[in-house]
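Visitor: Could you take me in for a close look at one part of this model? I'd like to see the place where the two chains meet.

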Amino acid sequence: MKIVRNAVDSLKPHFGKGGRFEKLHPAFDALETFLFVPGHTTENGVHIRDAMDLKRTMFTVVVALIPTLLFGMWNVGYQHYRAYGMEVSLLENFMFGFWRVMPIVIVSYAVGLGVEFLFAVLKGHQISEGYLVTGLLIPLILPVTIPLWMVALSAIFCTLLGKEIFGGTGMNFMNPALLARAFLFFAFPAYMTGDIWTDLSPEPGHALVDAYSGATNLVYFDENYRQMTTVSDMFWGFEQGSIGETSVFAILIGAFILIASGVGSWKIITACCVGLLGMGLFLNLIAPADIPTHPMHTPAYYHLLIGSFAFGAVYMATDPVSAAHTEAGKWIYGILIGAFTVILRVFNPAYPEGVMLSILLMNVFAPIIDHLVVERHIKTRLKRA
Amino acid sequence: MENLINLFIKAVFIENVIFAFFLGMCSFLAVSKKIKTAFGLGLAVIFVMVLTTPLNYFILNYMLQEGALTWIHPSLASVDLTFLAFILFIAVIAGAVQLVEMVMEKSLPSLYISLGIFLPLITVNCSILGTSLFMQEREYGFVETAVFSLGSGTGFFLAIVLLAGIRERLQYSNIPAPLQGLGIAMIITALMGMAFLSFSGIKL
């Protein structure tokens, strides 16, 4: 560590005022503060002396994402070998997934941070740590077969148009990672829907098993929900889907970390589940009895388990920047996300997965929800006075 | 009844005048800096729309269309005045806007001042003329026209209030200087349109 410190110190004058690389100071500063706790305070933004700063908040979320990442890697391998009917060890499954997922993570981080560095240097402000989370979220919500250049493109799109254009971390109104996914979803639908969820790179000496189907559970939705995998498979995550979304169990570990550390709002997570179950039960009630395969018949708790609802509710909806800020607003925001997710899943055949779009839509509604809540508070206080 | 509810929902969300047709962008972008004024303009647009579209419906069906004038004399059945639709529609809209302006100046002077030139400009708000023309093109009946105009107006109202909410939240954001104002509003509109795409596959 001492060698690194000395190296950084010897380089420091070049990046300071009047140095050769003065323009690159923000980039240097970000690296230095990443390696060592700085002895000075930040120059802009809010100053509160607390053990909890942006870096630590972001790092907590990254830690909370690790279980889904590890499970996702294993599941990528598991689905791959299952499609070829091969029985391999746990480690082999994991290593296969590791080599498939790691490039996506690296590209996402490298490109996104590159854009952030560029902007920081151009605008001369400090690099903030917001991208640490976004950069990990993007790979987790993409299918494993996504071409790397698309990952790069979406990372550029979301950092540029989702964040930097509004002034950087904390200034945006939409969740950047979801924006990246929505961008890919609308721009390259062929790579985001269909038989893309399992890595089918050929295995010498093995052919695809006959029973293989590239469909996720969501596809069975419009046909017949009874064709879905078992509830326990859906809970543990032995199903196809985006890299990080499949295992509700791994996501619950993350949710526990987020709630225990106070980084994620338990109100939003609970409200999402309440809205989802409420709307699911309501649709069960009014479902047409003469069509037993109608998607409205899907048991409400299935909605909790399939697709990326759990992932979205825990990691995306709780994004403190794009969510509603007021406490009452958080409940409304969450309930609307849950309810709207079910509506989109059931009634919109074009998008079997409603979580992404319903969170984005509620990001749009969040400011007005906050406004209404605040206006209401003002009114009741005035009445009391 | 179900048909009418579907028509309303379709006009508000699925075929939103702003996000699906990009009509009425000028006032949408210009008067969305504050929620309060956006709210006022949205209401004014709803009012003008609900007033003018059914009026235009009557004009179209009892004066302009081929055979519409038979109520005066059967010999007029072959007269087709549809080419006058544009100009008459706009005249009706202008009249209705005058009415709104007079009422607002009298009862809500603060809102009247803050809306400024954009209140009379509702006259040329494309979303209002657009709604009338959609009514003509899709051959709605009277009740359908009334519901559709209310839905269309509500869609505009929703869009402009949402945009104003976001812009108020972004007031303290560090937006690059060249993009401040209209530039960022257009980018926000595009991103909002992306979120509203979630409705685009729903069939009612």
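Guide: Start with D370(A) and R169(B): in this predicted model, their side chains meet in a salt bridge, with 2.6 Å from N to O. Polar contacts get their own tally, and here it comes to 5 residue pairs between chain B and chain A, both partners being at pLDDT 80 or more.

So much for the pairs; now look at what chain B brings along. Two elements each give two or more residues to the side of chain B that touches chain A: helix 7 (142-169) and helix 8 (182-196) of chain B. Helix 8 of chain B has the largest share, with 8 residues. Sort the residues on that side of chain B by kind and you get 21 nonpolar, 6 polar and 3 charged.

Okay, zoom out to the whole contact. Chain A puts in 36 residues and chain B 30. Together the two chains bury about 2,600 Å² between them, and 76% of that is on carbon and sulfur atoms.

Definitions and conventions. Residues are numbered from 1 along each chain as its sequence is written. Chains are lettered from A and ligands numbered from 1 in the order in which they are written. This is a predicted model: local features need pLDDT of at least 70, side-chain atom pairs count only at pLDDT 80 or more; totals for chains, interfaces and linings use all residues. Side-chain values use heavy atoms; hydrogens and water are left out. Contact means heavy atoms within 4.5 Å. Buried area is the accessible area (1.4 Å probe) that two parts lose on being put together, summed over both. A salt bridge is a side-chain nitrogen of Lys or Arg within 4 Å of a carboxyl oxygen of Asp or Glu. A polar contact is a pair of N or O atoms within 3.5 Å; within protein, one must be able to donate a hydrogen and the other to accept it, and residues adjacent in sequence count only if both atoms are side-chain atoms. Helices (H or I, at least four residues) and strands (E, at least two) are DSSP runs, numbered from the N terminus. Ala, Val, Leu, Ile, Met, Phe, Trp, Tyr, Cys and Pro count as nonpolar, Asp, Glu, Lys and Arg as charged, and the others, Gly among them, as polar.
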